[in-house]
Amino acid sequence: MQSSVGNPAAGKRGMNLTLRIWRQKDPAVKGKMVTYKVTDISPDMSFLEMLDVLNEQLIMQGDDPVAFDHDCREGICGMCGVMINGEAHGPQQTTTCQLHMRSFKDGDTIDVEPWRASAFPVIKDLAVDRRAFDRIIQAGGYISVPTGTAPDAHATPVPKNDSDAAFDAATCIGCGACVAACPNASSMLFTAAKVTHLGLLPQGQPERDDRVVNMVAQQDREGFGGCTNIGECSAACPKGISMETISRLNHDLLGALRAGARPKS
Ligand code: SF4
Ligand code: FES
């Protein structure tokens, strides 16, 4: 049964689309692309709402709905993320939940796949295990100094350029698009955003050297590839995290190693 959920504008027909979606029951079995049709899709729907329409159809037919990650649907949480026609988060530099169907044309065929990286194994269909990012954060993405209450924080002067750059880096939502877009499946942009965010602030100084050596060592342990400065990561990043953060990470790493910092084993 085709869903009737579609274009709310009276008298206007929505889009008819062919979807080729990666289906994989669990990590142990081989996956494959499966073709589905959706009809009368409103251009104003988000990509995830379009997948909701498909899943309604599948459930009504007694089939297994397509598993995909999502939470806020506002571009904040970083949970959503799929390859759309071979591009991380699709044709716009935004999150999959903020991508609208007006980016596609009536009659299009759209390929939808999970992030492809051995450090992000597929759990089911389009959902991947991104806990490797959590372990990189655990390795050093924190501060230990007491920061007090909000008035105390305001009493610590931070140069405007540093606070702006730290804020920009802090907008990383951990979605993993940088890894998925990188031909080396490198997590460097993610790690560099965290290192930059904390390394530019006074509160981040006590762990600065240990942070960078331990986070870089952890991303290697997780099996992410090395960075060769291709820049696909930054081009795909929905938050526009810049390659400058990677320069800052390399600068900090060199300084930390010269000062004798070594990763915890
Ligand atoms: S750097 Fe950008 S693409 Fe990578 S995890 Fe952060 S927000 Fe996502
Ligand atoms: S669902 Fe939260 S960023 Fe997309």
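**Ligand shell, helices and loops**

Analyst: Around ligand 1 there are 13 residues, counted when a heavy atom lies within 4 Å. The closest are Cys172, Cys175, Gly176, Cys178 and Cys237. This is a predicted model: local features need pLDDT of at least 70, side-chain atom pairs count only at pLDDT 80 or more, and totals for chains, interfaces and linings use all residues. Residues are numbered from 1 along each chain as its sequence is written, chains are lettered from A and ligands numbered from 1 in the order written, and side-chain values use heavy atoms, with hydrogens and water left out.

User: Which helices each supply at least two residues of the shell around ligand 1?

Analyst: Helices here are DSSP runs of H or I with at least four residues, strands are E runs of at least two, and both are numbered from the N terminus. The shell has eleven nonpolar, two polar and no charged residues. Nonpolar covers Ala, Val, Leu, Ile, Met, Phe, Trp, Tyr, Cys and Pro; charged covers Asp, Glu, Lys and Arg; the others, Gly among them, are polar. At least two shell residues each come from helix 5 (177-181) and helix 6 (188-199).

User: How is helix 7 oriented to helix 9?

Analyst: Helix 7 (residues 208-221) packs on helix 9 (residues 244-258) with axes 9 Å apart. Axes are lines fitted to C-alpha atoms over the stretch in contact, and angles run from 0 to 180 degrees between N-to-C directions. The angle is about 110°. Because 65 to 115 degrees is the range for that class, helix 7 is roughly perpendicular to helix 9.

User: Which residues of helix 9 make the contact?

Analyst: Contact means heavy atoms within 4.5 Å. Helix 7 brings Arg208, Asp209, Val212, Val213 and Val216. By class, the contact has seven nonpolar, no polar and three charged residues. On helix 9 the residues are Leu249, Asp252, Leu253, Ala256 and Leu257.

User: Is Asn229 buried or exposed?

Analyst: Asn229 sits in the loop between helix 7 and helix 8 (232-236). Asn229 has a positive phi of about 55° although it is not a glycine. Its relative accessibility is 53%, and over 50% is the cut-off, so Asn229 counts as exposed.

Conventions. Angles under 35 degrees count as roughly parallel, over 145 as roughly antiparallel, 65 to 115 as roughly perpendicular and the rest as oblique. Buried means under 20% relative accessible area, exposed over 50%, partly exposed in between (1.4 Å probe, protein chains only).
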